[in-house]
Amino acid sequence: MDRRIILYLFFFLSPFLAFGQTQISGRVFDEQGEPLPGVNVFIKNSYDGATSLGDGSFEFLTSLAGEQSLVLRLLGFHEVELTVQVLGDSLNVPDQFLREAITEMNAVTISAGAMEASDEKKSVILRPLDIVTTPSAMGDIVGAFQTLPGTSTVGNDGRLFVRGGDASEVGIYIDGLRVGNAYGTTAGNVPTRTRFNPNLFKGTFFSTGGYSAEYGQALSSTLALNTKDLSLRSQGDVSLMSVGGGYSHTWANEKQSLTASVNYFDLKPYQGLIKQDFDFKRAPWGRDAELALQKKFSKGGIWKVLARTEAGGMKLGEQSRGKLWSKALT
């Protein structure tokens, strides 16, 4: 066939081939507002789609029309599916923000020559939801880990012990910085609690065996807490327990977020229902308030400030030795 005829047919039929197609475009970001490359964007149950570029933008053509389901998928992030109306020549999808599906801290592997020290195969990772839903933990970070194999219970101390060592041998770190005083005050035979709200952290990494080469100290174990980054939405949360409760509120925008929370517990109603061996003049009680501020800088850094205050107490009655001796004589 003559080339001129082929070219004529091509240019003549091209407008009809393109007729009825819609160009779909948009951009994809992560929770911090950074562009996400490599996101698979496609119309459900079809082969029409594209992959986002380095600036998070995507663009593709489709011949489908009407109401369609647009899917955004990337490994390590929650899949997003939204309904769009495919009408006309072009459709600009509003900016989409994907949330990380894995928010726990990644295990660190340090290797030197033929020797390797890794926490990956002997560690436990818990999310905040795992901690607050552990029945016996009562929302305490250490209380949740004490239910796992590898830990030890020493009296009613409440601190984290591993392999019978002292509590000081279990290093507690927040964003890589060791916490000098991670536990609240307590009295004899009354378990203590950690000073931190599990909802302040996006993941807790617990090394259940050997020393942690990540921190370069011969510790029996380490508990690493990784604080949350910039919050994306404003919201309020209420927590209720059988012996208390709390409230947390978050104010957030594109550049900064502020979270304030208060908690209170009182064992008086509980001890009124269940007879105790101790003569409590005032049942244990406590209250605390926390403030978490995250501010994002233009160069990509994040400034984090955590503040906390707490108060609590109890009164315990005990018979004097003289009374005990006179009772024994009679």
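Me: Why does Glu290 count as buried?
Reply: Buried means under 20% relative accessible area, exposed over 50%, and partly exposed in between, with a 1.4 Å probe and protein chains only. Glu290 has 5% relative accessibility, so Glu290 counts as buried. The model is predicted: local features need pLDDT of at least 70, side-chain atom pairs count only at pLDDT 80 or more, and totals for chains, interfaces and linings use all residues. Residues are numbered from 1 along each chain as its sequence is written, and side-chain values use heavy atoms, with hydrogens and water left out.

Me: What makes the pair Glu290 and Arg308 a polar contact?
Reply: A polar contact is a pair of N or O atoms within 3.5 Å; within protein, one must be able to donate a hydrogen and the other to accept it, and residues adjacent in sequence count only if both atoms are side-chain atoms. The side chains of Glu290 and Arg308 make such a contact at 2.6 Å.

Me: Which residues does Glu290 touch?
Reply: Contact means heavy atoms within 4.5 Å. Leaving out residues up to four places away in sequence, Glu290 touches residues including Arg195, Phe196, Thr259 and Arg308.

Me: Where is Glu290 placed?
Reply: Glu290 lies in strand 21; strands (E, at least two residues) and helices (H or I, at least four) are DSSP runs, numbered from the N terminus.

Me: How do you know that strand 20 and strand 21 pair?
Reply: Two strands pair if DSSP finds at least two bridges between them. Strand 20 and strand 21 (residues 279–296) have 11 bridges, in the antiparallel sense. In strand 21, Trp285 is the bridge partner of Asp266.
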